[in-house]
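This report describes two interfaces in a predicted model. The structure is shown first, and the text follows.

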Amino acid sequence: MKSIDIIVDGQIYSATKGSLLIDLLIKNDLKVPYFCYHEALGADGNCRMCMVEIEGQKRPQIACDTLIKDNMIVKTKGEMIDGVHRDVLELELVNHPVDCPVCDQAGECKLQDFYMDYGLYDSKIDVAEKVKHEKHIDLGSSVMLDQERCVLCARCTRFTSNITKTHELGIIGRGDHARVSTMPGKKLDNPYAMNVVDLCPVGALTSKDFRFAQRVWFLTSTPSICQGCAKGCNIYVDHNKLKYKDEKIYRFRPRRNDEVNGHFICDEGRLSYKSLQEERQEFMEIDGREATLGEVLGRYDTLLKSSENIVILADANLYIEELEKIISYADSIGAKLYTPMESYVDEEFGDDWLRSSMRASNAKGVEMLSIADKIPDEKISLLIDFNHPDAKSIEAEHTISMRTHSDSGKSDIVLPLASYLQSSGKIINEDGIEQFSDRVLECSEPVATVSEWISILSRADIGGEV
Amino acid sequence: MGKNIKVVPRHGREFKDRLYLPAIYNGMKITFKHLIDNVADSNAVDTLEYPEEQPTDITERYRGLHRLTHRDDDTMACVACFMCATACPSNCIFIEATERNDGKDEKMPSRFAIDTLECVFCGYCVEACPCDAIRMDTGIFSLIGNSREDFVLERDQLLKHKGVFGEENSRARK
């Protein structure tokens, strides 16, 4: 492809000949309003918002369907083009119910943003005169549809027809009566359905799971990596700390990474934030009773001294840095380290897109550090478990478990472990791509990360004060 | 200098002002007038025997305790949009939203509480409300409780407060 120079708003940009003009505008953060265009779905040219002025053309053109040519001179602002934007926006808003106070999209809504940027006209139509459609329809797969708020950009229908190829959504009716709908009696039903919520530029498709939970402007977005499977999709974690309450995660959203997940994530990964916050192990326990750190360290020392064959189990979802810490910890106490991989395999979950049948996010990392897979059949006197799902079913005289979630498994000592969002490190996904995930939430005492527990326990090991 | 700026001459520079004595004389004249009046007739004293006697000069603009308004059919006007909580400078409005199923609206608060101990009675919540659902026209200026929790006014209590200036229902949500 030939690289050429074009002029946009008096500035020279180099672009690939024959590529879409809107891609250049988006890439260079040049303000251009659009509803229907999406980098993953391509141009549709139905919303007419992305009009630009091109020298030599009689009328304004849509940037999303204009190919870059030699000697192109483009204007994205100016009195004429601003007027075009305002008029197109006014048309989009003709039948919009303007119910922003009850709409979950408020705050991240393209209609609101563009109205503030280009609109600011007085409405000529009374709310009572607007065409009425159905509101709050449960589409299935935790997606709510409000037909009145829709701008008919067809992003959602193109997602189901071009990307998931499940064809649940379509636009029916003509003119004022056009609306998004499923076939009668049919539901939106595919493992990636909730992506239409992110795709929808307005409040027509909203998440039933996030419905009314928070206003978006209260949320803080932190980039992270989903650990639902070995794919390692990039996500934003939206969290907020309410007054007098603990910090809470309200939703996961996909974060664009063309190498890994593109623009999307699966629904199971998206909703996995819930299990991260429920039934957490919050206390230190000895023999099923809550205990203090002093008691735990005392018991740990006796167990360690009286045990001969010590086995350590490490979860394959832990970060590389944490696994390395565990390896050197195992060396220091003369223990053998294993990570059985069999229980992580879930053939039903996997597909050929973003869902991997290997449910351990750092399986490749475990492989790279050559941690042994199978536990040999011999008597174990002390089992030290770092959150491995198999720990319950392994026979051992004594057990020390570090758990993120409380479970019924019997253990001499239970220590509360930080979840992956409360720790940071690198993971290697199934395609060998190494990704860094930063700490999103703080741990509240006595929950601690793997590294912290190892340093607490090791100090006790040499008889130091904690 | 901009054309909207008006220069006002500074007062108090004249000889009469700088003597101070005429000003002191005027001040003392008023003080002694009140002293003589009050000694002569104790009923003319400009104080209230609170709480037996209640103030009568609370105006419409007075910011009293909050209330949540109703629609014409006596249901709640609030749609839990969080505008008041967003505007609140002391973060003392606690809202939890839920689905509303009576066909009036989609959303309503399942909890709407104001911590009046933290509230600074600035009235921003009233101004921010797009539904005219929260007002401070109750004329209530005192709140009594035995514990801190008593001062956190919950939704149903706020709905019970009445407006005292004739306008009972929300004007934005009918």
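## Domains and interfaces

The domain assignment divides chain A into domain 1 (3-92), domain 2 (126-207), domain 3 (217-277) and domain 4 (285-461).

Within chain A, the centres of domain 1 and domain 2, taken over C-alpha atoms, are 27 Å apart. Contact between these domains involves 12 residues of domain 1 of chain A and 11 residues of domain 2 of chain A. On the domain 1 side, Phe35(A), Leu41(A) and Glu92(A) lose the most area to domain 2 of chain A, and together they make up 59% of what that side buries. One salt bridge is found across this interface. Five residue pairs are in polar contact between domain 1 and domain 2 of chain A. The side of domain 1 that touches domain 2 has seven nonpolar, three polar and two charged residues.

Five salt bridges cross between the chains, and nine residue pairs are in polar contact.

| Interface | Buried area | Share on carbon and sulfur atoms |
|---|---|---|
| Domain 1 of chain A and domain 2 of chain A | about 880 Å² | 57% |
| Chain A and chain B | about 1400 Å² | 57% |

Two salt bridges can be named. Arg158(A) pairs with Asp44(A), with the closest N and O atoms 3.9 Å apart. Glu106(B) pairs with Arg149(A), where the closest N and O atoms are 3.4 Å apart.

Conventions: Residues are numbered from 1 along each chain as its sequence is written. Chains are lettered from A and ligands numbered from 1 in the order in which they are written. This is a predicted model: local features need pLDDT of at least 70, side-chain atom pairs count only at pLDDT 80 or more; totals for chains, interfaces and linings use all residues. Side-chain values use heavy atoms; hydrogens and water are left out. Buried area is the accessible area (1.4 Å probe) that two parts lose on being put together, summed over both. A salt bridge is a side-chain nitrogen of Lys or Arg within 4 Å of a carboxyl oxygen of Asp or Glu. A polar contact is a pair of N or O atoms within 3.5 Å; within protein, one must be able to donate a hydrogen and the other to accept it, and residues adjacent in sequence count only if both atoms are side-chain atoms. Domain bounds come from an automatic or database domain assignment. Contact means heavy atoms within 4.5 Å. Ala, Val, Leu, Ile, Met, Phe, Trp, Tyr, Cys and Pro count as nonpolar, Asp, Glu, Lys and Arg as charged, and the others, Gly among them, as polar.
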